[in-house]
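Reader: Could you walk me through this model, one question at a time? I would like the cut-offs along with the answers.

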Amino acid sequence: MRFTPAPLPFVTGLLLGLLTLSWLGSVVESTRLAESFVRFHMWLNVESGYFPTARQIRAVVKRRIGPEPTVHVIVGGSSVEHGVGQHESLIWTRFLQEHLGPEFRVTNLAQRAGSSTDFGNIGAELLLHEGRPVIYVAGSNMTTFSMDIRYSFYRHAMFDAWHRGYLLPWPPRDQLMRDVAWRGPSAARGAALGSLLDAYLNFNDLWNFVGYEYANSNWNRLLAERSFDSRASFPDPDYMPEQYANLRYLSDMTQAMKIVKDQILSPTDPRWQRTLASTEQMTPPRLRAVTLAMIDLDSPYYVDRLDPIEREAFVATAYEHARRLREIGFRRAEVPAIDFTTDDYIDRTHLSVSGGQKLAAKIAPIVRTMATELGYLQ
Amino acid sequence: MIFLTYEFVGFALVFFSLYYLIHNPTLRMAILVIGGLVFQFHYGGWVSVVPVLVLAGVTFLAGRIGGRRMVTGAIAVCVFTLVFYKYTAFIVIDSIGTLLPDFGSALRNTVQPALPAAIPLGISFFTFEFVHYLTDVRRGDRPITRLREFLTFALFWPTMVAGPIKRYQQFLPALHEGLARPTAQDATIGLMRIAIGLAKKWAADNLTGWIDYIEPQFLLQDRTWRWVFVGALAARILLDFSGYSDMAIGFARMMGIAVPENFNWPYLARSPIEFWQRWHISLSLWIRDYIYIPLGGSRLGLPRRVVNALTAMVLCGLWHGAAWNFAVWGLYHGGGLALAALMQGGISRLRIDRTKLVPQPASVGAAAVRAVLTPPSLHARLLTAVIDIVCWAGTMVFVGIGWLLFFYPLEKAAHMTVRLFIQ
């Protein structure tokens with residue numbers, strides 16, 4: 001190396017630089033993201049190389065705490081609850097907000113390829129932690145509520161929230177997180193260790209802030225030539241209903257039917273125990289007590305093609321899951337899509353705008369009842 | 001990329017804290033050996049640790065005991081181990097299986113249960129280092145007498161995964177110097193080198209994303225963009241590999257230990273010969289010293305020199321991976337080297353006063369002009385510059401097309417190459 005600086009100034013500069021960046025990371029707030037937040041859409045998501053942090057989730061949730069007492073309705077779950085198939089202006093959580101009125105504040109933290117044990121529960125738990133009135137509206141697929149933290153796309157955020165103390169203390173989950181951090185698959189261990197470092201050094205928050213506000217630093221195939229643009233410059237990409245007109249139900253029928261059939265479980269199937277044990281481990285009792293679990297159903301476009309016995313077993317599976325969730329302490333567990341029609345979906349599983357409207361209308365009274373039961377409303 | 005994992009960050013923090021806190025050179029050496037074992041075990045498991053320790057033991061003992069047969073036997077064990085772990089499937093399934101399907105199938109059924117579950121971490125590097133050690137001992141160099149020194153050489157974690165390939169004659173003095181007094185200056189230079197490596201890796205990873213995105217559309221692009229793609233491919237591998245080497249050299253330097261450089265602006269080369277003097281230098285020198293020269297090098301006339309270069313480069317290609325495209329890539333470069341050697345041979349037959357030539361044998365075109373037009377006039381210098389540029393451009397095209405062979409299956413690479421020239 002031709003240029004060799006004096007060691008002391010170099011190391012001092014290096015440490016000061018790192019400390020300054022770390023301090024910057026600890027003070028920057030994703031304010032603009034929180035102000036314009038509707039959902040963590042595709043360009044604010046791991047798919048496009050953007051990994052929202054627990055502090056960004058916190059910023060979104062905190063932004064919604066107003067001077068008036070409000071009940072926070074946090075929505076978590078998968079792409080169904082995220083609202084894939086609905087333009088952000090027509091997303092189902094907007095209708096839910098309208099149904100519930102100003103006493104409630106709805107925040108959609110559901111994620112594409114996510115579950116109710118990632119962003120949603122981080123948002124709900126950090127509010128519960130602060131003693132605020134929360135109802136957690138959590139989507140669930142037919143047989144599993146929680147995602148295995150070892151393989152979840154969003155484990156980074158769970159570890160981040162855990163290290164920062166945003167999650168409720170829950171020894172079985174704490175033990176699992178420790179186990180995965182030490183003995184889990186390599187990628188999960190990396191996520192755990194990275195989150196631990198980030199909890200002190202705040203580098204992810206700094207980069208996410210810069211990436212959102214100014215410029216992104218990584219090429220991503222979804223964004224292609226716009227990879228280095230700031231994320232704030234990307235609108236939510238989901239389509240308006242008319243744009244979906246020619247895009248509905250395009251999946252291969254055989255494959256889709258196989259997925260539908262594979263979800264059928266008899267009430268005595270031993271797999272229930274495993275999935276319920278995982279749900280209990282990942283969801284603290286205090287969170288279950290304020291949770292409305294919604295079991296997602298597949299579109300009648302496919303379900304109606306099952307023979308009558310299979311169809312009955314399919315629906316029974318959803319109700320069996322709901323029953324079991326109630327048994328382990330979920331305040332409510334419902335199957336709201338039971339009377340939805342083919343038009344209420346855009347594909348096997350995602351709701352159309354009409355489906356979103358129906359869902360909002362169905363669960364709003366349940367949420368209101370829960371709020372009363374929990375003593376949030378007079 | 002092991003150096004870019006959070007686990008490695010944790011490892012490095014603990015390792016360097018201990019290394020700097022403990023001042024006793026013997027204890028520092030112990031930390032280096034233990035660090036190497038932890039590194040091997042964590043990233044490779046027992047399947048990595050056992051072969052490296054067994055081979056290190058065999059190599060060390062053979063070196064200590066000495067004797068031509070003993071050392072040759074140990075070299076054979078090292079080579080066999082490399083072939084077994086890295087090339088058995090390639091030889092049995094890809095080669096024999098393709099040529100003689102029935103026999104290949106029977107052989108595969110026999111061999112499959114014995115095949116290793118995983119390839120030991122860095123086997124291509126540590127076996128080459130052991131072969132270098134044994135060959136040099138056989139040639140008369142003094143062997144390493146202390147086991148701990150040999151283990152430090154064998155388990156030196158910065159160079160374990162992707163080199164540079166070390167020479168023990170240079171490594172041991174550097175090691176003792178580093179163990180005795182790693183200076184703040186060393187740490188500073190090391191950190192800067194790591195930072196440069198990280199920056200290169202960031203650029204390489206972004207290029208990887210772009211290349212993966214463009215590659216399926218390669219044929220749909222116009223010719224300019226196809227050449228841009230080849231350029232990106234070339235930039236990516238240089239940034240990726242030299243970035244990793246920078247980090248390895250930087251970590252070693254933080255310990256006060258100098259390890260060989262691996263790259264010297266390879267894309268400024270004006271001939272394939274010069275390219276290999278600048279690209280993956282530690283491997284090129286290894287191939288030269290332990291394959292090319294033992295085969296006869298350039299001592300046995302031009303035809304034999306060409307055959308030797310081709311053989312050495314095919315083996316060099318296969319070292320990069322167990323697949324035919326790597327062998328062809330090596331052959332391709334061997335052909336380039338042979339052609340450059342032939343051109344040099346032609347120039348030398350012009351019988352000009354070589355003392356007037358600037359000693360840049362790799363710059364074939366420039367050398368020819370200098371040879372014809374001495375003493376150099378302005379006109380000659382201009383012509384030299386033009387020919388240098390032409391030679392450089394030709395070399396870059398040659399190297400770029402080579403990367404297609406390196407990264408893609410043969411048929412696809414050939415198709416892509418044709419489409420670089422035809423719309």
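Reader: Is Asp344(A) buried or exposed?
Author: This is a predicted model, in which local features need pLDDT of at least 70, side-chain atom pairs count only at pLDDT 80 or more, and totals for chains, interfaces and linings use all residues. Residues are numbered from 1 along each chain as its sequence is written, chains are lettered from A and ligands numbered from 1 in the order in which they are written, and side-chain values use heavy atoms, with hydrogens and water left out. Buried means under 20% relative accessible area, exposed over 50% and partly exposed in between, with a 1.4 Å probe and protein chains only. Asp344(A) has 3% relative accessibility, so the class is buried.

Reader: Which residue forms a salt bridge with Asp344(A)?
Author: A salt bridge here is a side-chain nitrogen of Lys or Arg within 4 Å of a carboxyl oxygen of Asp or Glu. The closest N and O atoms of this pair are 2.6 Å apart, and the partner of Asp344(A) is Lys358(A). The pair links distant parts of the chain, 14 residues apart: Asp344(A) is in the loop between β5 (332-334) and α16 of chain A, and Lys358(A) is in helix α16.

Reader: How many residues of strand β1 of chain A are buried?
Author: In a regular strand the side chains alternate between the two faces of the sheet. Val71(A), Val73(A) and Val75(A) point one way from β1(A), His72(A), Ile74(A) and Gly76(A) point the other way, and all are buried. For this strand (residues 71-76), the count is six of six.

Reader: In β3(A), what is the bridge partner of Val75(A)?
Author: Two strands pair if DSSP finds at least two bridges between them. β1(A) pairs in the parallel sense over five bridges with β2 (residues 104-108), and also in the parallel sense over five bridges with β3 (residues 134-140). In β2(A), Val71(A) is partnered by Phe104(A). In β3(A), the partner of Val75(A) is Val137(A).

Reader: Which residue of chain B forms a salt bridge with Arg189(A)?
Author: The contact (heavy atoms within 4.5 Å) takes 22 residues from chain A and 18 residues from chain B. One salt bridge is found across this interface. Its closest N and O atoms are 2.5 Å apart, and Arg189(A) is joined there to Glu7(B).

Reader: What relative accessible area does His156(A) have?
Author: Happy to finish on this one: His156(A) lies in helix α7 (residues 155-164) of chain A. Leaving out residues up to four places away in sequence, His156(A) touches Val46(A), Phe51(A), Pro52(A), Ala191(A) and Ser195(A). His156(A) counts as buried because its relative accessible area is 14%.

Conventions:
Helix = DSSP H or I, 4+ residues; strand = E, 2+ residues; numbered from the N terminus.
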